[in-house]
Amino acid sequence: DRTRAVTSRRRSHDAATASKPVPLLADPRVRRLVVANIASCLGTAMTALAVAFVAYLQTKSVVLTALVFSGNTLPFVFLAPLSGRLITHSDIRFVLAGGQAAKALLWAGVTVAAGLGALSYELLLAANFAYGSVSALIAAAWPRLIELLAPPDRLPDLTAMFKNTIPALAAIAGALLGGILLATLGDTWVFGINTVSYVPLAAA
């Protein structure tokens, strides 16, 4: 009877342990990706404010300012279908790393142009279109990477964190921080910080 009781307690303990959800951040790879994604989302939110500020400053037109942001979304209409094919024939880690590196190089060019006083509306529009194109091409890699890294039975939670929680919080914090930096240091610093923000994600 005593042996049966001990065995029963062990089974109960094992069952309780097995039923406990695995912490989302238990995997160091997930932790690195979360930190890197926060940095990237902050930089993106800051830059969105800077782009709107510079576009309106140069054109004094709300319509033309809004047009700049079409470059972020319009490429998805044409290039998003290619994203699935790209990750089918390539390692998703290389696809994501290459995409982040391309974004860093793109915004490095914008930073240099802003620092030299040569950042025109046309260049800003082209940069946003190029950024949207890269984002569209690597879009399908993100869900696949999250699926591979998610702990057992935690895929919905991890997906919500990357798709909703982090972007929402970063949008608020990034807008506030971007406004402070624009007012104190100028748009060149905002674009420069955004450039650096892609490096952790490329290396994650």
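Biologist: Which helix does Thr65 lie in?
Modeller: This is a predicted model: local features need pLDDT of at least 70, side-chain atom pairs count only at pLDDT 80 or more, and totals for chains, interfaces and linings use all residues. Residues are numbered from 1 along each chain as its sequence is written, and side-chain values use heavy atoms, with hydrogens and water left out. Helices are DSSP runs (H or I, at least four residues) numbered from the N terminus. Thr65 lies in helix H3.

Biologist: Is Thr65 buried or exposed?
Modeller: Buried means under 20% relative accessible area, exposed over 50%, partly exposed in between (1.4 Å probe, protein chains only). Thr65 has 10% relative accessibility, so it counts as buried.

Biologist: How far apart in space are Leu201 and Asn37?
Modeller: Leu201 lies in helix H8. At 8% relative accessibility, it counts as buried. Beyond four places in sequence, its contacts include Leu33, Asn37 and Trp142. Leu201 and Asn37 are 164 residues apart in sequence, but their C-alpha atoms are separated by 6.2 Å.

Biologist: How many residues has the largest nonpolar core?
Modeller: A nonpolar core is a set of buried Ala, Val, Leu, Ile, Met, Phe, Trp, Tyr and Cys residues joined through side-chain atoms within 4.5 Å. Leu33, Trp142, Leu145, Leu158 and Phe162 have the most contacts inside the largest one. H2, H4, H6 and H7 each give two or more residues to this core. The size of the largest nonpolar core is 23 residues.

Biologist: Which residues does Leu158 touch, again beyond four places in sequence?
Modeller: Leu158 is among the residues with the most contacts inside the largest core. Beyond four places in sequence, Leu158 touches Leu24, Val30, Ile146, Leu149 and Ala150.

Biologist: How many residues does the second core have?
Modeller: This core is separate. Ala50, Val54, Trp107 and Ala114 are among its members. The second core has 22 residues.

Note on methods:
Contact means heavy atoms within 4.5 Å.
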